[in-house]
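Hi,

Here's the structure I said I'd send over. Have a look at it first, and then read on for what turned up.

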Amino acid sequence: MGIPAGTSVDLAAVDAVAGRFNALAAGLAECGRNGLSRLLFDGVTAGRAHLAAGQGVRRAVDPLAAELAAWARAAAEIGVGLSCGARRYRDAEAAAAAGLR
């Protein structure tokens, strides 16, 4: 099962997708760092009457920050993989072209 003749890879599209994954990773990481972690659910913010409810919300939100960090890492890994694959493809094309000269 080889690659069919006439098959090509649009490297500009691969690079664009890699860039979008990298942007997604940055956005998710930023949300986890500066969004969820800065939310306050304490007695000072909500008042002592709401302290227990605020602690419950904090317990529910904290795992989301860890999940966002995991999604950010995964998106970054996909972006790196796509970029590296495109780079290797370009290098292989250049080497093949050099071999024809």
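Which residues does Tyr-89 touch, not counting residues up to four places away in sequence? The list is Ser-8, Val-9 and Leu-11. Before I say more about that spot, keep in mind that this is a predicted model.

Let's start with the overall picture. The chain has three helices and zero strands, so if you read along from the N terminus, the order is simply α-α-α. There are 101 residues, and 14% of them count as buried.

Now for the helix pair. Two packed helices are described by the angle between their axes and the distance between the axes. Helix α1 covers residues 11-36, and helix α3 covers residues 51-100. Their axes come within 8 Å and cross at roughly 160°. Angles over 145 degrees count as roughly antiparallel, and therefore α1 and α3 are roughly antiparallel to each other. The crossing of α1 past α3 is left-handed. As for what the contact between them is made of, its residues divide into 25 nonpolar, four polar and four charged.

Gly-79 sits in helix α3. Is Gly-79 buried or exposed? Its relative accessible area is 0%, and because buried means under 20%, Gly-79 is buried. Leaving aside neighbours within four places in sequence, Gly-79 is in contact with Ala-18, Phe-21 and Asn-22. Take Phe-21: along the chain, Phe-21 and Gly-79 are 58 residues apart, yet their C-alpha atoms are separated by 5.1 Å.

Back to Tyr-89, which is also found in helix α3. Tyr-89 has 30% relative accessibility. That value falls between the 20% and 50% cut-offs, so Tyr-89 counts as partly exposed. One of the residues that Tyr-89 touches is Val-9. How many residues apart along the chain are Tyr-89 and Val-9? They are 80 residues apart, with 8.6 Å between their C-alpha atoms.

Cheers

Definitions and conventions:
Residues are numbered from 1 along each chain as its sequence is written. This is a predicted model: local features need pLDDT of at least 70, side-chain atom pairs count only at pLDDT 80 or more; totals for chains, interfaces and linings use all residues. Side-chain values use heavy atoms; hydrogens and water are left out. Helices (H or I, at least four residues) and strands (E, at least two) are DSSP runs, numbered from the N terminus. Buried means under 20% relative accessible area, exposed over 50%, partly exposed in between (1.4 Å probe, protein chains only). Contact means heavy atoms within 4.5 Å. Axes are lines fitted to C-alpha atoms, for helices over the stretch in contact, and angles run from 0 to 180 degrees between N-to-C directions. Angles under 35 degrees count as roughly parallel, over 145 as roughly antiparallel, 65 to 115 as roughly perpendicular and the rest as oblique. A crossing is left-handed if the near helix is turned anticlockwise from the far one by less than a right angle, and right-handed if clockwise. Ala, Val, Leu, Ile, Met, Phe, Trp, Tyr, Cys and Pro count as nonpolar, Asp, Glu, Lys and Arg as charged, and the others, Gly among them, as polar.
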